[in-house]
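Morning, everyone. Please bring up the model on your screens, and I'll walk you through it.

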Amino acid sequence: NSIIVLISGNGSNLQALIDAAKDSTLNATITLVVSNKKSAYGLVRAAEAGIPTLVLTLKEYIDIGKSRVDYDIALAKKIKELNPDLLVLAGWMHILSKEFIDYFPEQIINLHPALPGQFDGAHAIERAYEAFKRGEITETGVMVHKVIPEVDKGEPLLVERVPILESDTLEDLEARIHSVEHRLIVQAVIKFFKLVAF
Ligand code: GRF
């Protein structure tokens with residue numbers, strides 16, 4: 001059960017996977033952590049856990065006149081060399097093209113801090129909070145879904161609803177969502193390997 005985790009920032013969800021693999025809650029090995037940002041703190045988390053890292057930035061491709069698809073294909077080829085069973089997008093903030101996804105059919109899952117179809121795309125938590133402030137919703141959620149070319153549209157693997165409280169600040173909601181994410185991402189990987197096994 002080999003996993004490659006793709007990150008762009010803090011890597012708190014990566015950390016949840018590292019911890020679960022270490023204490024054997026998760027029977028899997030993280031063979032590589034990929035980041036599209038040199039400054040991603042998740043790279044430090046990976047290094048501290050002895051996990052190899054790869055940084056590939058879109059900027060270095062665009063700067064030499066290459067395209068997003070060139071970047072995606074180069075990234076896919078590097079990842080394919082390790083032949084992982086599963087790719088986990090955990091705080092990965094780069095929309096992957098069909099060209100990339102086709103290298104790993106049914107093998108990519110993404111963590112998104114919203115309910116299916118609610119707040120697809122970036123800044124989902126803030127957008128849910130603003131909808132709450134406008135009285136439009138009283139809850140939001142977290143999901144882990146299969147990755148397809150349409151952003152955040154793939155079939156959900158796990159969904160968990162998250163209440164929004166009257167007293168909540170945006171920070172309160174973010175903290176509640178992140179704690180759900182850290183649990184859900186591990187459960188989703190466990191579920192994925194159970195489904196694949198059979
Ligand atoms: C999380 O809400 C994740 O779902 C979103 O980015 C946030 C930070 O994730 N895509 P992490 O701490 O970098 O794992």
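In helix α1, the buried residues are S12, N13, L14, Q15, A16, L17, I18 and A20. Buried means under 20% relative accessible area, exposed means over 50%, and partly exposed lies in between, with a 1.4 Å probe and protein chains only. Helix α1 covers residues 12-22, and eight of its eleven residues are buried, so call it mostly covered. Helices are DSSP runs of H or I, at least four residues; strands are runs of E, at least two; both are numbered from the N terminus. After α1 comes S24, with a positive phi near 65°.

Quick housekeeping. This is a predicted model: local features need pLDDT of at least 70, side-chain atom pairs count only at pLDDT 80 or more, and totals for chains, interfaces and linings use all residues. Residues are numbered from 1 along each chain as its sequence is written, and side-chain values use heavy atoms, with hydrogens and water left out.

Next, the rings. How many aromatic pairs does a search of the whole structure find? Five. Rings of Phe, Tyr and Trp (its six-membered ring) pair if their centres lie within 6.5 Å; planes under 30 degrees apart are stacked, over 60 edge-to-face, and the rest tilted. Take Y61 and Y71. Their ring centres are 5.6 Å apart and their planes sit at 85°, so this pair is edge-to-face. It links distant parts of the chain: Y61 is in helix α3 (residues 58-62), Y71 in helix α4 (residues 68-82), ten residues apart. Y61 is buried, at 14% relative accessible area. Y71 is buried too, at 0%.

Now Y103 and F104. Here the centres are 6.2 Å apart and the planes at 40°, so the pair is tilted. Y103 is partly exposed at 27%, while F104 is buried at 1%. Ring pairs join F100, Y103 and F104 into a cluster.

Last, the largest pocket. On a 1 Å grid over the protein atoms alone, a pocket is an open set of points with protein on both sides within 12 Å along at least five of seven lines; lining residues have an atom within 4 Å of a point. Its space is about 820 Å³, a volume filled by probe spheres set on the points, which are joined across faces, edges and corners. Of the 35 lining residues, G91, W92, M93, L111 and P113 are the closest to the centre. Helix α1 returns here: α1, β5 (108-112), α6 (124-133) and α7 (170-197) each supply at least two lining residues.

Note on methods:
1 Å grid on protein atoms, 1.4 Å probe; cavity = no way out; pocket = protein on both sides within 12 Å on 5 of 7 lines; lining within 4 Å.
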